[in-house]
Amino acid sequence: MPTALMDLPEKEYILPGTRTCAGCGLPIAYRHILKALGPKTIVTLPACCLTILHGMYPKTPVLVNAVNNVFGGTAASASGLAAGLKALGKDDYVVLAMAGDGGTFDMGIQALSGAAERQTNFIYVCYDNEAYMNTGVQRSSATPSGAITTTTPVRPKEQPKKDFIQIMEAHHPAYLATTCSSYPMDLYDKFSKARHIQGTRFIHLTVPCPAGWGFPTRETIKIGRLAVETGVIVLYEVENGVFRLTGKSLSLAKTRRKRPVEDYLKRQARFKKMTPEQMEAFQKEVDARWETLLARAGF
Amino acid sequence: MAAQILTGNQTAALAAKLCRVQVVAAYPITPQSKIPEVLSEYVERGELQAEFVRVESEHSAMGVCISASLVGARAFTATAANGLAYMHEQLHWAAGARVPIVMPVTNRGLGAPWTILNDMQDSIAQRDTGWMQLYCQNNQEILDQIILGYKVAERLLVPVMVCFDGFRLSHTMMPVDVPDQEAVDAFLPPFTPPYQLDPERPININPVVMTDPLPGSDGRLHPGYMGIRRRLQEALESAVDVIAEEGRIFGERFGRSYEHPIIEYQLDDAEIVFVTMGSLGSEASEACDLLREQGIRAGVASLRVFRPFPKQAVRDSLCRAPRLAVVEKAISYGLEGALATEIKAALYGLNDRQPIVANYIVGLGGKDVKPSDLCDIARQALTFGRHEDAPSHAIWFSNEI
């Protein structure tokens with residue numbers, strides 16, 4: 001039973017005045033993640049946009065304990081928090097590892113793979129804005145093909161996005177889910193569920209980035225929704241090996257009214273150099289993945 | 001207290017157990033591998049109550065230790081050579097985060113090309129990470145300095161490397177006096193971090209820091225980056241005295257004093273002094289005896305503490321000697337051995353009492369160093385009559401191509 005908006009906890013764990021860019025999807029997501037996980041959360045984070053959100057010493061707008069760590073070490077840091085808390089008999093804390101796509105898909109993959117294989121008791125969130133946004137929109141392995149970045153400035157990225165979610169599923173986590181900051185209730189429900197599961201929980205969170213993707217700051221929610229409505233992002237969860245579509249993706253599966261990817265791509269400056277042929281190829285890629293996931297969900 | 005015959009690695013694991021470490025991050029690398037193996041047995045048999053995290057890399061091993069320490073657990077790991085180099089980023093992070101981790105380093109040469117055998121290039125290359133570095137002459141010192149290391153680290157909130165020569169100590173059995181658990185407990189109380197993770201008063205540990213001090217919400221000025229760096233340096237400067245004080249207390253409790261940062265042998269009338277670290281100190285003492293039988297007044301100053309660098313003790317120990325042979329198993333490429341540079345720097349300003357210093361690089365990649373080799377070194381160093389006679393570069397003591 002999805003949580004109703006009116007039933008969201010009133011308590012806020014992020015004070016107004018974070019240092020994220022205008023229109024950033026991250027504080028929307030983080031606000032609801034912390035509402036779901038509560039005050040006994042210890043977050044660990046590498047150098048990333050979330051570090052910026054957390055602010056500069058000696059002030060922070062975040063009302064949970066936070067441990068910053070090196071770029072490639074988020075899951076190791078979380079493993080240390082989990083081990084330290086267990087050694088001290090503090091079993092009522094939630095360890096939340098939260099890193100961007102660079103600190104997860106790329107540099108952080110070793111530590112995350114190791115921690116997931118050990119079935120470390122933590123929630124790992126990769127908030128994916130599809131490039132190294134904190135350092136100024138450089139290509140990552142999460143950047144989709146056809147996107148312009150500051151390290152693919154002339155010829156857009158040629159290779160498709162790394163299918164990291166499948167890599168994580170191959171680690172047999174206790175819980176795996178995808179979500180998007182444009183659907184805070186879907187996100188809230190998934191983190192509420194993850195909180196009460198033991199073992200490694202991995203959540204892939206899509207976060208639209210107006211600065212890096214090139215759309216007006218007022219359209220953050222709309223762009224994230226378009227990502228889901230076009231099937232570029234699919235909302236689902238895997239619990240005990242059982243695959244389930246959720247939220248908007250589930251209703252799309254039922255109604256079969258997926259929008260063309262062009263509706264999503266055309267609103268973002270990063271895709272302005274895509275040719276009609278590349279858009280067609282992108283559409284085919286999205287369709288193929290969608291059909292696979294539909295079949296998996298029993299449609 | 002009971003004597004046991006132990007290898008250096010077994011000794012290090014036993015010391016960690018006596019220190020009641022609470023989180024162990026374990027990753028194997030030759031010649032250190034036996035340390036996590038022995039500890040895993042202790043944990044699985046229930047002899048040690050600790051979380052044993054079988055990490056996937058040394059980079060993660062240190063990451064686990066740092067965060068475990070930040071939540072208040074006594075954390076331990078061990079490494080060597082390229083594993084230590086792989087940790088490099090995390091070593092800076094540990095010192096900067098001011099976590100009191102103690103880590104044995106079984107000194108091994110760094111690739112490329114590969115060697116598994118001993119020199120000190122690995123730990124010397126980590127000299128500037130903000131860690132304290134203690135070196136051991138024998139297995140007894142491994143045990144004692146790990147216990148002492150936690151005491152000092154937790155007092156100053158600075159991590160400690162306890163370095164000992166790979167294979168030469170790590171795989172060599174020696175009698176070790178093992179103190180009772182009660183005695184160690186009395187010397188080393190449980191770790192209590194200076195802050196608690198409190199949901200009512202949340203903190204952001206190791207955040208972004210600006211260059212200059214900024215006011216907090218309390219209106220007080222808090223240090224900027226440089227101020228935070230200065231505090232680490234001040235802690236390391238004060239560490240010279242803290243190590244001496246705790247080393248003296250250790251001596252009162254356990255009968256083996258670690259008050260002085262330099263192990264001195266036959267220094268009073270020495271005309272040539274070997275200055276060295278680690279197990280080379282034992283070999284230099286042998287050479288010293290041989291030389292004295294031949295009428296050459298040799299002595300040994302073996303540094304037990306390399307960081308913080310015991311500058312005053314070095315001056316006091318060495319200012320009477322006319323000649324020094326700084327013999328070391330590492331080199332700072334492009335100049336000379338780092339120990340030689342630091343010894344010379346410590347002696348700067350002694351004017352007419354400044355010894356003539358010759359620097360010898362020996363034993364890289366496990367190259368054997370016999371007492372007779374050290375005797376040859378001493379005889380050569382004695383021929384340098386004036387400062388200008390000693391070569392301005394390091395002398396490679398090796399007879400091969």
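Predicted model: local features only at pLDDT ≥ 70, side-chain atom pairs only at ≥ 80, totals over all residues.
Modeller: In chain B, helix α12 (residues 338-347) lies across β13, β14, β16 and β17 (356-361), and runs at about 150° to β16(B).

Biologist: OK, and what about helix α11 of chain B, which strands does that lie across?

Modeller: Helix α11 (residues 311-318) of chain B lies across β12, β13 (272-277), β14 and β16 (323-328), at about 5° to β12(B).

Biologist: In what order do the strands of that open sheet in chain B go?

Modeller: The order is β12-β14-β13-β16-β17-β18 in chain B, six strands with mixed pairing. β12 (262-265) and β18 (395-396) of chain B are at the edges with a single partner strand each, so one side of each has no neighbour in the sheet.

Biologist: How many bridges hold β12(B) and β14(B) together?

Modeller: Four, in the antiparallel sense. B:Glu264 stands opposite B:Ala301 in β14(B).

Biologist: Switching topic: how many salt bridges over all chains?

Modeller: The count is 47. One of them links B:Asp368 and B:Arg168, with the closest N and O atoms 3.8 Å apart. B:Asp368 is in the loop between β17 and α13 (371-382) of chain B, and B:Arg168 in the loop between β7 (160-165) and β8 (174-178) of chain B, so the pair ties together parts 200 residues apart in sequence.

Biologist: Is B:Asp368 buried or partly exposed?

Modeller: Partly exposed, at 43% relative accessible area. B:Arg168 also counts as partly exposed, at 24%.

Biologist: And which residues of chain A join into one network?

Modeller: A:Asp128, A:Glu130, A:Lys161 and A:Arg270, through salt bridges that share partners.

Technical notes
Residues numbered from 1 in each chain as written. Chains lettered and ligands numbered in written order. Heavy atoms only, no water. Pairing = 2+ DSSP bridges. Helix = DSSP H or I, 4+ residues; strand = E, 2+ residues; numbered from the N terminus. Contact = heavy atoms within 4.5 Å. Axes fitted to C-alpha atoms, helices over the stretch in contact; angles between N-to-C directions. Salt bridge = Lys/Arg side-chain N within 4 Å of Asp/Glu carboxyl O. Buried < 20%, exposed > 50% of the residue type's maximum accessible area, 1.4 Å probe, protein only.
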